[in-house]
Amino acid sequence: METITLRQARLEDAQAILDIYAPYIRNTNITFEYEVPTLPEFRKRMEEIMEGYPYLICEINGAAAGYAYAHRYKERAAYQWDAELSVYLDERYARRGIGRAFYTALMEILKEQNVRNVYGIVTSPNPPSEALHTAMGFRLFGVSRKTGYKLGRWIDVSGFERPIGDPDSPPGELLPIDRVKPERIAEILNEAERLIH
């Protein structure tokens with residue numbers, strides 16, 4: 001019987017998370033980074049994101065199977081109620097509903113923070129990620145053609161968007177993650193965990 005855990009990541013998870021991310025940098029066009037960050041650099045990135053947004057990890061039988069996080073979409077003040085989502089999986093755990101569970105949990109937590117819109121920025125073609133966004137109710141809003149160069153070729157990037165709050169009313173105060181009730185986060189993570197098989 002497998003033990004599946006979806007929880008908030010901690011800085012002590014940085015090496016396990018970096019081990020998932022590094023092959024994406026070295027072998028794919030899914031991220032536009034060229035060099036694998038050092039562990040201290042990566043921990044600093046995590047820390048900066050965790051100050052304001054959810055950062056999640058999925059463990060199966062104690063091993064890191066994937067991670068996901070939200071971060072600010074654009075810097076200007078009027079964009080503060082928008083967040084971009086990112087998900088990375090260990091390829092051994094693909095097609096088990098982990099991406100869907102991560103997106104479900106991230107969006108529910110972000111609602112508690114008063115975020116109104118979420119975005120996915122996807123290198124194209126990337127059929128699994130495109131299918132996830134479509135299945136989760138995202139709408140394609142545009143494609144930047146040949147916008148990044150990696151591994152010897154130019155790559156398109158697709159933008160997906162989805163509202164998660166009332167688009168016609170003024171937003172509430174944007175709350176940092178530490179102002180969301182821990183019991184509510186635990187409830188959201190427990191519900192999303194059930195989507196993993």
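This report walks through the sheet of a predicted model and the helices packed on it.

## Ground rules

Local features need pLDDT of at least 70 and side-chain atom pairs pLDDT 80 or more, while totals for chains, interfaces and linings use all residues. Residues are numbered from 1 along each chain as its sequence is written, and side-chain values use heavy atoms, without hydrogens and water.

## The sheet

Let's start with the strands (DSSP runs of E, at least two residues, numbered from the N terminus). An open sheet of mixed pairing is formed by 7 strands, ordered S1-S2-S3-S4-S5-S7-S6; two strands pair if DSSP finds at least two bridges between them. Strands S1 (4–8) and S6 (139–150) are at the edges with a single partner strand each, so one side of each has no neighbour in the sheet. From one strand to the next, the twist averages 25 degrees.

Strands S2 (residues 55–60) and S3 (residues 63–72) run antiparallel and are joined by 6 bridges. Tyr-55 has Tyr-69 in S3 as its bridge partner.

## Helices on the sheet

Now for the helices (DSSP runs of H or I, at least four residues). Helix H1 (residues 14–27) lies across S2, S3, S4 (82–89) and S6, at about 80 degrees to S3. Angles run from 0 to 180 degrees between N-to-C directions, with axes fitted to C-alpha atoms, for helices over the stretch in contact.

Helix H3 (residues 98–112) also packs on the sheet, and its direction makes about 155 degrees with that of S4.

Conventions:
Contact means heavy atoms within 4.5 Å.
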